[in-house]
Amino acid sequence: MLKVQHLSVNYRGVEALEDICLAVGAGELVGLIGPNGAGKSTLIKALLGLVRPQAGRILFEEKPLVQQRRRVAYVPQRSQIDWDYPVTAWNVVMMAHTAQTGWFRSYTARSRHMVKEAMERVGIWHLRDRQIGELSGGQQQRVFLARAIAQQADLFLFDEPFNAVDKKTEGVILDLFAELKAQAKTVLVCSHEWGQALHRYDRLLLLNQRLLADGDPQAVMTLDNIQRAYGENLSTHSHRTEVPFFC
Ligand code: ADP
Ligand code: MG
């Protein structure tokens, strides 16, 4: 189980997360939702040890998560990746293993096999020698999904995985979620969307600097909650909502 206890993060005095407490169990598919700027990516980065919290503890199976980085697979938000970086699709997926063996060790046959299997699974094996920057948005997302699969982690963190992806990639992501659940993995998925699609999650955490709600989608997706989280920006978000979102 993932446990976050009284987590606060600020960037040079600007509060991004305030006193967040949450828990996600094995086999649970949890959606972390909230408007842009709510602190979703910051929470994921704190879990990865990429930002330093001002306060709080992050535990996985009762031990600090930072000491168990290999057990965490991360699919970053696409807008936060430098796509000009000269690296092939195969190299990105192989990073799942170089994190463990180091860049300068030769790849084992087992690593190669797992990378091939993961790339085949998401339909990108034929793109293995292409530069990551040359791929379509959906193909790029599938490269990172393959990396997460190849890593055989226990905790999976997805940051806005459905942003600007094609139907095929969406299907690949949904199949992967189902499989991870069946394998009793712990899965946390950030999303700024608000609508029927959120019923795909077992539980929703509604975030806007603070944790505003935590419960099953039916209980969290109330009109009161959307107003509390999205505030005066409600009208700019409402075009994305599908009726009935607050029943
Ligand atoms: P979300 O992922 O929900 O859109 P973020 O976690 O990216 O939100 O951002 C939360 C808040 O922290 C925002 O106000 C954002 O401007 C700020 N922020 C995020 N990253 C940084 C950073 N590296 N330096 C300063 N402020 C940041
Ligand atoms: Mg974000």
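User: Is Thr-42 buried or exposed?
Analyst: This is a predicted model, in which local features need pLDDT of at least 70 and side-chain atom pairs count only at pLDDT 80 or more, while totals for chains, interfaces and linings use all residues. Residues are numbered from 1 along each chain as its sequence is written, chains are lettered from A and ligands numbered from 1 in the order in which they are written, and side-chain values use heavy atoms, with hydrogens and water left out. A residue counts as buried under 20% relative accessible area, as exposed over 50% and as partly exposed in between, using a 1.4 Å probe and protein chains only. Thr-42 has a relative accessible area of 9%, so Thr-42 is buried.

User: Which residues is Thr-42 in contact with, leaving aside its neighbours within four places in sequence?
Analyst: Thr-42 lies in helix α1, where helices (H or I, at least four residues) and strands (E, at least two) are DSSP runs numbered from the N terminus. Contact means heavy atoms within 4.5 Å, and with those sequence neighbours left aside, the partners of Thr-42 are Val-9, Tyr-11, Ala-16, Leu-17 and Val-51.

User: Which residues are the protein donors of the magnesium ion (ligand 2)?
Analyst: Donors are N, O and S atoms within 2.8 Å of the metal (3.2 Å for Na, K and Ca), and sites may look incomplete because water is not among the atoms. Lying 2.1 to 2.4 Å from the magnesium ion, the protein donors are Ser-41 (OG) and Gln-77 (OE1). Ser-41 lies in helix α1 (residues 40-48) and Gln-77 in the loop between β6 (72-75) and α2 (89-101), so the pair ties together parts that lie apart in sequence by 36 residues.

User: Within what arc do the buried residues of α5 fall, seen down its axis?
Analyst: The buried residues of α5 are Thr-169, Val-172, Ile-173, Leu-176, Phe-177 and Leu-180. On the other side of α5, Lys-167, Asp-175 and Ala-182 are exposed. The arc is taken from the directions from the helix axis to the C-beta atoms; the buried residues of α5 line one face of the helix, because they fall within an arc of 140°.
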